[in-house]
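Subject: Structure for your files

Dear colleague,

Here is the structure I said I would pass on. My notes follow below it.

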Amino acid sequence: MSFSGKVREIEPGLSGAGRRIAIVSARFNPDICAGLYSACVAELNRLGVADSDITSFSVPGALELPLALQALAQTGRYDALVAIGCVIRGETYHFEIVANESARG
């Protein structure tokens with residue numbers, strides 16, 4: 001598709017100042033999830049979210065993430081929710097079940 005005339009690009013104005021964020025992280029695959037969690041907090045801080053406005057929760061694994069996020073969403077206390085989990089493909093069907101069901105949730 002072709003557009004004529006000047007195209008105006010809209011830059012995202014990302015500011016997290018004053019925003020309340022909840023992070024729910026799975027305890028399974030702790031090395032990977034810990035790295036993701038650290039990077040998430042660093043990015044939220046870069047965007048202006050204060051540490052005091054970040055609340056962290058942990059759940060056993062990826063299957064529990066959707067239920068925890070739903071419960072937190074229903075409180076209305078948070079401006080955004082972040083899910084952190086990792087599902088690693090193995091030689092069994094377990095990967096398919098966990099990946100599909102956590103994504104469905």
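R46 and E43 both belong to helix α1 and sit three residues apart, about one turn of the helix; helices here are DSSP runs of H or I with at least four residues, strands are E runs of at least two, and both are numbered from the N terminus. An α-helix has 3.6 residues a turn, so residues three or four places apart point the same way. The side chains of R46 and E43 form a salt bridge at 2.7 Å, N to O (a side-chain nitrogen of Lys or Arg within 4 Å of a carboxyl oxygen of Asp or Glu). R46 is exposed at 60% relative accessibility, and E43 is partly exposed at 34% (buried is under 20% relative accessible area, exposed over 50%, partly exposed in between, with a 1.4 Å probe and protein chains only).

The model is predicted: local features need pLDDT of at least 70, side-chain atom pairs count only at pLDDT 80 or more, and totals for chains, interfaces and linings use all residues. Residues are numbered from 1 along each chain as its sequence is written, and side-chain values use heavy atoms, with hydrogens and water left out.

The structure holds three salt bridges. One of them joins the side chains of R20 and D79 (3.8 Å, N to O). R20 lies in the segment before β1 and D79 in the loop between α2 (65-75) and β3, so this pair ties together parts that are 59 residues apart in sequence. R20 is partly exposed, with 37% relative accessible area, and D79 is also partly exposed, at 42%. R89 pairs with E96, their closest N and O atoms being 2.8 Å apart; R89 is exposed at 56%, while E96 is partly exposed at 25%.

Back to α1. C33, C40, V41 and L44 are buried in this helix. They cover an arc of only 95° around the axis, which puts them on the same side of α1 (the arc is that of the directions from the helix axis to the C-beta atoms). Their cover includes β1, β2 (54-59) and β3 (80-84). D31 and R46 are exposed on the other side of the helix. Just after α1, G48 takes a positive phi of about 100°.

N29, in the loop between β1 (21-26) and α1, is buried at 18% relative accessibility. Leaving aside neighbours within four places in sequence, N29 is in contact (heavy atoms within 4.5 Å) with C86, V87 and I88.

Regards
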